[in-house]
Amino acid sequence: MDREAILKKFEPNLSNILYIMHDLQDTNPERYLAKEDIEACADYLNVPYSYVHSVASFYTMFSLKPRGRNIIRLCESPPCHLMGAHSLLDYLKGSLKVDVGGTTKDGMFTLELTSCLGACGVAPAMMLNEEMFGNLTPEKVDAILDKRRKEI
Amino acid sequence: MNLVRNHVLISIDAGTIMAGARAVEKALVEEINKQGLSGEIAVLETGSIGATGQGVVIVVYPEGIYYANVTPADAAELVEEHLLKGRPVKRLIMTEMPKQHVIKKEKTGLLREQPRIVLRNSGVINPENIDEYIAEGGYEALEKAFTDLKPAGVTKEVKDSGLMGRGGAAFTTAMKWEFAARAPGDVKYIICNADEGEPGTFKDRLILEGDPHKLIEGMILAGYAVGATKGFVYIRGEYALSIERLEKAITQARLYGLLGDDILESGFSFDIAVMKGAGAYVCGEETALIESLEGKRGHPRNKPPYPVTEGLWAKPTVVNNVETLANVPEIVRNGAAWYRGYGTDKCPGTKVYTIIGNVATPGLIEAEMGTTLRDIIYEYAGGIKDGKKFKGALVGGAAGAFMGPEMLDAKMDFVNLKEYAAVLGSGAILVMDEDADIVGMLQSVLHFFRHESCGHCVPCRLGTNQLAEIIDRIAEGKGKTEDVDKLVSISEVMRDTSFCPLGQSPVLPITSSLRFFRDEVYSRVQ
């Protein structure tokens, strides 16, 4: 879907800005808000570029730099911490050879941390794109990522 | 309608979907069709039944048999053995049962069985079917409100019930409503705060996933009492299934004439829109949430004016939590006196808790106000996992307080916990066993605040960074005793000078951890 079509789905009200940015980001193959996305949004809502940029930079779910094709968001809140999220983070960093916020060389995964996902009953938990995974162990994480690699 | 002899309820929530519930559902339906049982057996989706970490969970009625960790490969055996031949499949029967409806009084030592008010329908009805909600008495409160009570009567009923906000601040709900009703202006708004971000809390998600019509009915009642015609539900962006279910429920309610113009020919009009957040804990603060709804950065506003007089687009606005609003239909339907029969004098009703961490059965429970921490952990959650010892609990999320074994017999309600300098907060109870590391837990809490500080005011922006650096130093074994004192003094200054509750929060986890685990914290510094 091109930018025009996405914008047209919404009334040009400022209160739709988060929805518009969610959609623009989700349809960008590099899963971020590019300069052109922000420009298009600003024009459509009739606000300055700087305004849209300031809103986009405020919310954790929006990225202003290109990311991998898949976003790993590992929960680091106290419940997941208690159940071993920290060692999982070390494991992910090692096996993907990236730091937090980094993207793997093949552009496949970006590793991010997130606050509580509300999946504390199955801590430690993470999201891979829109999908939630719980009761994680290094083996389970490997299986999830391998499966994703094969799907692409 | 077919005469159905068995109902198979499959719990569909974020947790069970993760475990493959959709595939199991598909396999069951296929198998039932294959055996020619499709006219006799109905497979229904329902919300969370309160158990987590037990894979895909199904319940077969009328027997009421719970199966856990079901996989698609089990479908053939379940259908053949249980549904065709009437022999339950023993190997799949759930051993750790969720405490769903009631807990027998003999077990808790409490005066009576533990009721469910908010979660009455969760895991029992199909949340995607409005008829099932109506069959359970849903939308009756609306009729009663329109015909008998009128707006003032609805507010009076809620006031007499003593209902307090369940989002954490425990403000009297009816007072908010009265302020907004009295505020001048024709346009008023009801906002449901579903931006659930307090670590360890997922009750609102499961209410939304399990019984979305209860929230809708509560919002209509609030709108009617206040004189608002428009409602917004602000849901965090990560809650995809909640958003989907609520949007479906709103569409159904519109079809039934329960939302829109002239609801049930009462002359009252009300509609609801869903708004999706984008990941900002501070947006749980009501004025920051309003800013975000208006399409701005989620910075908190100066108070006063409070939202009840000047809220969304400067109009009088009531902001209530999901659980608060979900209590309203039951209060209006059954009356304030009935509601006051539960809980304590000062805090009537029940509280929905998420109990997680090192317990045998983590999950979602509803208990009367005033239930002790001990009963919640040992009766509802099956005690500490692997027979270990209880070390402490973090109650109320990151903005909550640590509690040690001394607090096990404390009665849990908003008023009573204040006397112990603790809070009930959002109702998250994170249980730690003997192996838990308090410094590590505090580190995780303080990192959370550093990440979520919105940057609007100096004490919080700088303070959260300082606190995180100091706790990192202590965790690495490089801390000094003065560092512990600094944690306390910085967080106290933040409490006194920060702009909103976020910056005022770190003092509680810090001081409470020292109160109960002083020796352990000091043993980590030089």
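User: Is the crossing of α8(B) and α10(B) left-handed or right-handed?

Analyst: α8(B) passes α10(B) in a left-handed crossing. Please keep in mind that this is a predicted model.

User: Noted! At what angle do the axes of α8(B) and α10(B) cross, and within what distance do they come?

Analyst: The axes cross at roughly 35 degrees and come within 8 Å. Helix α8 covers residues 203–210 of chain B, and helix α10 covers residues 240–255 of chain B.

User: Which residues make that contact?

Analyst: From α8(B) there are R205(B), L208(B) and E209(B). α10(B) brings L241(B), S242(B), R245(B) and L246(B). Sorted by class, the contact has three nonpolar, one polar and three charged residues.

User: Why is α8(B) described as largely enclosed by the rest of the structure?

Analyst: Because eight of its eight residues are buried.

User: How about α12(B), how many of its residues are buried?

Analyst: 12 of the 13 residues of α12(B), which spans 322–334, are buried, so α12(B) too is largely enclosed by the rest of the structure. Among the buried ones are V322(B), L325(B), V328(B), P329(B) and R333(B).

User: And what happens just after α12(B)?

Analyst: G335(B) sits there, and takes a positive phi of about 95 degrees.

User: Changing topic: how many residues does the largest nonpolar core have?

Analyst: The largest nonpolar core has 182 residues. Those with the most contacts inside it are A125(A), I191(B), L221(B), A222(B), I355(B) and I376(B). The largest share of this core, nine residues, comes from α9(B).

User: What does A222(B) touch?

Analyst: Leaving out residues up to four places away in sequence, A222(B) touches W177(B), I190(B), V318(B), N320(B), L325(B) and V328(B). L325(B) and V328(B) are also among the buried residues of α12(B).

User: Which residues are in the other core?

Analyst: That core lies apart from the largest one and has 27 residues, among them L28(B), I41(B), A75(B) and V79(B).

User: I also clicked on Y224(B). Where is it, and is it buried or exposed?

Analyst: Y224(B) is found in helix α9 of chain B, which runs over residues 212–226. Y224(B) is buried, because 24 other C-beta atoms lie within 10 Å and the cut-off is 20 or more.

User: What is Y224(B) in contact with?

Analyst: Setting aside neighbours within four places in sequence, Y224(B) is in contact with A145(B), P151(B), V154(B) and F268(B). As for A468(B), 244 residues apart from Y224(B) along the chain, the C-alpha atoms of the two are separated by 46 Å.

User: Zooming out, which domains is chain B divided into?

Analyst: Chain B is divided into domain 1 (6–95), domain 2 (130–339), domain 3 (350–433) and domain 4 (438–522). The centres of domain 1 of chain B and domain 2 of chain B, taken over C-alpha atoms, are separated by 34 Å. Their contact takes five residues from domain 1 of chain B and six residues from domain 2 of chain B. On the domain 1 side, the residues divide into two nonpolar, two polar and one charged.

User: What about chain A, what is it made of?

Analyst: Chain A has seven helices and four strands. From the N terminus on, the elements run α-α-α-α-β-α-α-β-β-β-α. Of the 152 residues of chain A, 40% count as buried. Chain A is divided into domain 1 (3–58) and domain 2 (70–151), with their C-alpha centres 28 Å apart.

User: How big a box do the C-alpha atoms of chain A fill?

Analyst: Roughly 50 × 30 × 25 Å, taken along the principal axes.

How values were computed: Residues numbered from 1 in each chain as written. Chains lettered and ligands numbered in written order. Predicted model: local features only at pLDDT ≥ 70, side-chain atom pairs only at ≥ 80, totals over all residues. Helix = DSSP H or I, 4+ residues; strand = E, 2+ residues; numbered from the N terminus. Contact = placed C-beta atoms within 7 Å. Core = buried A, V, L, I, M, F, W, Y, C linked by C-beta atoms within 7 Å. Axes fitted to C-alpha atoms, helices over the stretch in contact; angles between N-to-C directions. Left-handed = near helix turned anticlockwise from the far one by under 90°. Nonpolar A, V, L, I, M, F, W, Y, C, P; charged D, E, K, R; others polar. Domains from an automatic or database assignment.
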